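Colleague: Could we go through the salt bridges together? I am new to this one.
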Amino acid sequence: MNKTDRMLAIVIELQRKGVLRAEDLAAKFETSIRTIYRDMQALSEAGVPIAGAPGTGYSLMEGYFLPPVSFTVEEAVALLIGADFVGMKLDAEYGAKARSSQEKIEAILPEKVREEAERIRSVIRLLDVGESGTRGREKETFEQLRQAILRKRKVRFRYAKNVPDPDESRHSERTADPYGLVHTHGVWMLVAFCWLRQDIRHFRLSRISGLVILDESFNIDPGFRLTTYRPADDRNVTVRIWVDPAIADRVLESDNFYMESFEPGDQGWLATFRVRRMEDLLQWTLGWGAAVRVLEPEALRERVREEIGKMFERC
């Protein structure tokens, strides 16, 4: 480590730890105590307000803060997205502080780093932050897709749908132009132009396998902006379910994506959902057992009865 880098690292270390002895700093940076003395003298002459007390150590004057001007693009993106997370996860006061922090970080970034960081942030979006994390293969898929988006390369993958097609198939091969990554309801989704469906589609990363980045490039529709994009709402089936009061709090905490309202009803609670197809709620409904009862539509009531009958036969 050269002298300039070491002096910057010393200031950062003092910001982190508060008070450090010359011996501590010498051990940290694998140099002599005499060299640390010279570095401190040079920092003082450069205007860094360092206070030294015999037997105690060195510290920075209260209120001094060294702007982190040496961020890489990846570090800047991590901090800016982290501020997005804080703004969404914590209260309004912290949300305001997070936005203020973002402005300060952006203000001190070199122009090229700021532009590249903004380019990366433009393809990664947090709609809301749930409790589930990103693990294992999903992390690898995320990284591959991020690279494909930035390089504007087509991708090919195998996708497992939640509900089978009319031919009972749940898996299909897709070729897509990846436009962006969106975090919503605790999961990461890929927004992409799907060549099989000839339209923009959304793919849950946890259901993507065998992802390959192709050599073929693509161009995003000039009118598409991830920050303003809103998918068409095609949830046209209304479902109403009675919920036992004993599990009402757990149902509410489950934060089901399709739930429109949750209100007190006749000797229980009434949950109203809007879905694309009844199967979107079938497994969720069965999971609560006798503590819930489908009120409408009748077709979903029949599907629940059928599934219970099959379960009974296999017991």
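Colleague: Where do Glu306 and Arg303 lie?

Modeller: Both lie in helix H10, 3 residues apart, about one turn of the helix. Helices (H or I, at least four residues) and strands (E, at least two) are DSSP runs, numbered from the N terminus. This is a predicted model, in which local features need pLDDT of at least 70 and side-chain atom pairs count only at pLDDT 80 or more, while totals for chains, interfaces and linings use all residues. Residues are numbered from 1 along each chain as its sequence is written, and side-chain values use heavy atoms, without hydrogens and water.

Colleague: How far apart are the closest N and O atoms of Glu306 and Arg303?

Modeller: They are 3.5 Å apart, and the pair forms a salt bridge (a side-chain nitrogen of Lys or Arg within 4 Å of a carboxyl oxygen of Asp or Glu). Salt bridges with shared partners join Glu279, Arg303, Glu306, Glu307 and Lys310 into one network.

Colleague: What is the N to O distance for Glu279 and Arg303?

Modeller: Their side chains meet at 3.9 Å.

Colleague: Changing topic, how many salt bridges does the structure hold?

Modeller: It holds 21. One of them pairs Arg274 with Glu260 at 3.2 Å, N to O. Arg274 is in strand S12 (residues 268–275) and Glu260 in strand S11 (residues 259–265), so parts 14 residues apart in sequence are tied together.

Colleague: Is Arg274 buried or partly exposed?

Modeller: Arg274 is partly exposed, at 23% relative accessibility; buried means under 20% relative accessible area, exposed over 50%, and partly exposed in between (1.4 Å probe, protein chains only).
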